[in-house]
Amino acid sequence: MPLPAFKWDSLRLRLRFRSLESRIVTLFLVLIVAVQVVGLLVIQQGIDNNARASIGSELNNGAKVFRRLLEQNAQSLRFGARLLARDTAFVAAIGNNDESDRSTIESALANSGRRIKASLSMLIGDDRTISATTNQAQSKGLEKMALSMLDAAEAADGAIGIAIVDHRPFQIVAMPIKAPITIGWIVMTFPIDRQLANEMREVTSLHTSVLTRDAQGKWLPVGSTFVGPSAQVVVDQLQALPATPTGPFDMMVETAQYSARLISIGEDNGQNASVLLARSIDEATADYRRLERWLIGLTLGGIFASALAIVFTAKRIAQPISELAVTAKRLEEGDYKVAIDSRREDEIGQLAHAFDAMREGIAKREQEIRRLAYWDTLTNLPNRAQFVLLLNDALHDARRREEALFVLMMDLDRFKHVNDVMGHSFGDALLRQVAGRLQLLLANRRQSSAQVARLGGDEFAVLLPAADIDAAQLMAAEILQALETPLSLEDQMVDIGAGLGIAAYPEHADDGETLLSMAEVAMYAAKQRNDGAVVYDAAMDKSSAKSLSLLTELRNAIERNEFRLHVQPKISLQTGRVVGMESLVRWVHPERGNVFPDEFIPFAEQTGFIRVLTRWVMEKSAELCRELASKGHHLKVSVNLSTRDLLDQDLPAKFADLLARHKLTPGSFCLEITESAIMDDPVRAQNTLERLSSMGLDLSIDDFGTGYSSLAYLKRLPVNELKIDKSFVLNMEKDEGDTKIVRSTIDLGHNMGLRVVAEGIESEAVWRLLAELGCDQGQGYFMSRPIPGDQLIPWLEKWRAPIAIGAEAEAVADVSYAK
């Protein structure tokens with residue numbers, strides 16, 4: 001079914017994006033856009049910072065201006081009060097203290113206050129009581145504040161303060177009346193309200209709000225240049241703040257954002273008077289935003305112009321490369337006559353010139369490669385590939401003519417030894433002489449249809465078409481006889497022989513590769529028997545077929561969950577407490593039943609399947625260890641590692657992943673290794689062991705005493721435990737020699753700071769003997785045979801150590817005796 005149109009378009013886009021041209025364009029466009037965007041962000045941040053700094057400066061200046069306005073009003077009040085206090089008629093009227101002069105005093109107070117726009121004027125007599133006022137109600141509210149200012153006013157010829165009456169702030173001035181002694185005080189007030197806020201707005205363009213805060217912390221509006229509900233919004237936002245701000249802060253008034261500053265102007269009886277100055281951020285940054293829009297426009301224009309230039313440049317670079325790719329495709333198809341344009345003088349021209357030179361070189365070398373692909377350069381004989389072609393052609397003719405065909409394969413004896421002792425150049429010369437003898441043999445027999453080839457290394461093959469078994473065996477005998485004559489090379493006489501295998505068509509196989517394989521099987525059989533020439537027999541392949549079958553069954557066993565985890569407890573010989581367990585694998589075959597480990601473990605080690613088996617044991621052991629820990633049984637689990645496991649450089653990483661997935665500590669595991677596994681490759685083994693030890697895993701030498709050179713490496717290996725092989729433990733109570741070996745091993749392990757574990761404990765007498773010798777732990781049939789992992793917890797609950805039982809019996813006897 002054809003693809004929909006949109007899918008074809010998507011496919012074409014993906015293919016185009018994979019081209020060099022599209023990648024160049026994309027890369028440079030991304031770089032340019034990224035640079036421009038970063039630049040815009042930096043500029044925008046700079047604009048915002050400059051705007052904030054400018055607004056902060058305006059607010060600071062506004063605070064100074066407002067204080068200056070307050071100061072000017074205060075000076076106006078002081079001046080008016082001073083004029084009135086020095087008015088002769090006013091002073092005389094006060095001095096007469098006559099009721100008839102009261103109207104004169106009140107008129108003078110009212111006229112003077114009206115002239116300087118004071119909201120209140122009052123006279124306080126020398127008895128410090130209010131004797132006259134222009135606003136009786138306001139006077140009562142200001143009386144306390146006014147009386148507190150009288151002493152300061154008399155001392156400094158006037159005093160200024162802030163008073164709050166009915167939650168409204170007032171500037172208050174007190175001026176003494178002297179004639180020449182103080183005979184009273186004139187007190188005048190000026191309201192700090194919306195009128196002052198409007199004056200502040202006209203002077204500074206800042207929104208101004210006059211506020212008071214009562215003793216309970218509630219903000220109350222007095223006057224503001226914000227209109228309508230906006231004034232209350234300001235108060236509500238200020239009320240919502242967790243604390244009184246000491247510096248600039250942001251606030252939202254309807255849809256506009258402001259930067260504001262709160263200025264305290266006075267305090268009266270627990271109440272506070274403040275002024276809020278606010279500047280619109282949008283208005284302050286309007287000019288900057290216009291500049292920013294210009295920059296965005298210029299950036300977009302620059303990106304567009306750059307894109308055109310990039311596309312043009314990318315085409316100039318990619319188009320010649322695309323043409324060279326087409327040329328390379330034609331070269332791949334074998335067309336070496338295609339013309340390549342190399343007239344450009346830049347790097348593309350140099351590449352085209354190199355392509356042209358490569359074309360000529362490939363054309364010359366392909367012919368040589370064809371020869372090398374099918375001929376052995378050392379002996380000038382056909383190689384394996386050419387021999388297979390010749391064999392298949394001969395098989396075709398043999399089928400057509402219904403004739404037999406034989407393949408003889410031989411492998412030289414002791415050739416590796418000659419190579420190692422005499423050197424590779426000597427070995428090459430030897431192979432050339434062998435090839436010469438074989439060619440000479442065929443030439444002398446005038447076997448024109450026979451072919452000899454070097455298959456590789458020291459293996460040679462002879463093809464005998466249209467022959468019978470007698471002719472093949474005769475040819476084999478002549479070849480072996482020709483090789484019996486010693487070879488003379490560089491004044492050295494070399495005695496060399498060969499093992500030779502024979503396979504026939506159609507008796508043994510009817511295709512070339514199988515026939516070669518069977519001749520090879522017969523050849524190895526001849527070398528093993530040291531029997532010269534051997535004809536292939538199907539019985540030779542039975543063992544290999546059996547091995548292949550076993551490997552297949554092992555792989556299926558993993559997939560079908562046929563393996564079972566068994567464990568054998570490890571007991572402290574001093575206390576009888578279970579301290580660990582050794583993990584073992586059992587195979588429950590669906591047809592053969594229980595397969596003993598000895599039947600499949602060695603084969604698994606030979607084939608490398610042991611790594612898969614070890615991973616399975618590790619995984620199941622970790623699951624069991626975690627289950628035991630969840631139920632209060634903290635046991636160290638021991639897992640056996642084979643030679644192949646130990647040489648696996650990824651083993652530490654695999655263990656780290658296992659511990660992380662099952663949430664186990666490295667101390668939960670003890671890895672058991674045999675001496676033979678260490679000796680196979682001591683350097684790699686020690687490297688792996690050191691990495692495992694550094695992770696915190698315990699390491700144990702298993703079957704200690706049965707290997708070779710163990711002491712030489714034991715002192716260098718980071719092991720924590722020695723396991724005495726059961727062959728020394730089984731007969732300890734009867735064989736004094738075994739007891740001495742075990743005692744020496746325990747002393748050796750303890751002197752090296754290692755834990756010592758004995759295997760094969762099958763009686764209480766051996767247990768107690770090992771305990772007396774100081775052995776730390778033990779395992780064996782006396783305590784428990786290997787049991788399925790899921791039966792370990794019930795076994796732990798039933799376990800009673802002989803030592804513990806003996807202690808209980810002694811305790812019972814003591815109690816009975818006491819009675």
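Predicted model: local features only at pLDDT ≥ 70, side-chain atom pairs only at ≥ 80, totals over all residues.

## Backbone, contacts and spaces

**Positive phi values**

- R128, a residue other than glycine, has a positive phi near 60°; R128 belongs to the loop between β1 (120–125) and β2 (130–133), where its relative accessible area of 32% makes it partly exposed.
- E402, also a residue other than glycine, has a positive phi near 55°; the loop that holds E402 runs between α11 (384–401) and β11 (405–412), and with 73% relative accessibility E402 counts as exposed.

**Aromatic pairs and charges over rings**

- The count of aromatic pairs in the model comes to 9.
- One of them joins F563 and W616, whose ring centres are 5.9 Å apart and whose planes make an angle of 55°, a tilted arrangement; because F563 lies in strand β18 (residues 563–572) and W616 in helix α18 (residues 610–630), the pair ties together parts that are 53 residues apart in sequence.
- Both F563 and W616 are buried.
- W587 and F600 form a pair with ring centres 5.5 Å apart and planes at 85°, and the pair is therefore edge-to-face, since an angle over 60 degrees counts as such.
- This pair links distant parts of the chain, with W587 in strand β19 (residues 578–589) and F600 in helix α17 (residues 597–607), 13 residues apart; W587 and F600 are both buried.
- Taken together, F563, W587, F600 and W616 are linked by ring pairs into a cluster.
- W587 has a further contact, in that the charged end of R592 sits over its ring at 5.9 Å from the centre.
- Elsewhere, the charged end of R785 sits over the ring of Y781, at 4.0 Å from the ring centre.

**Salt bridges**

- The structure holds 22 salt bridges, among them one between the side chains of E627 and K631, with an N to O distance of 3.9 Å; E627 is partly exposed, at a relative accessible area of 37%.
- The side chains of K723 and E672 form another salt bridge, at 3.0 Å from N to O, and this pair links distant parts of the chain, since K723 is in strand β24 (residues 721–724) and E672 in strand β22 (residues 669–674), 51 residues apart.
- K723 and E672 are both buried.
- D698 and R755 also meet through their side chains in a salt bridge, with 3.3 Å from N to O; D698 lies in strand β23 (residues 698–704) and R755 in strand β25 (residues 755–759), so the pair ties together parts that are 57 residues apart in sequence.
- D698 and R755 are both buried, and they belong to a network of salt bridges that links K570, K636, D698, E721 and R755.

**Cavities**

- There are 2 cavities of 30 Å³ or more, and the second largest cavity holds about 50 Å³ of space.
- R611, T614, R615, M618, D645, D648, L651 and K654 line the second largest cavity, and by class these residues divide into 2 nonpolar, 1 polar and 5 charged.
- Helices α18 and α20 (651–662) each supply at least two residues of that lining, with α18 giving the most to it, 4 residues.

**Largest pocket**

- The largest pocket contains about 1,200 Å³ of space, and of the 36 residues that line it, E582, L584, P597, N640 and D702 are the closest to its centre.
- Two or more lining residues come from each of β19, α17, α18, β21 (636–641), β22 and β23.
- The lining of the largest pocket is made up, by class, of 13 nonpolar, 10 polar and 13 charged residues.

Methods:
Residues numbered from 1 in each chain as written. Heavy atoms only, no water. Phe/Tyr/Trp six-rings, centres within 6.5 Å; stacked < 30°, edge-to-face > 60°. Buried < 20%, exposed > 50% of the residue type's maximum accessible area, 1.4 Å probe, protein only. Lys NZ or Arg CZ within 6 Å of the ring centre and 35° of its normal. Salt bridge = Lys/Arg side-chain N within 4 Å of Asp/Glu carboxyl O. 1 Å grid on protein atoms, 1.4 Å probe; cavity = no way out; pocket = protein on both sides within 12 Å on 5 of 7 lines; lining within 4 Å. Points joined across faces, edges and corners; volume = space filled by probe spheres on them. Nonpolar A, V, L, I, M, F, W, Y, C, P; charged D, E, K, R; others polar.
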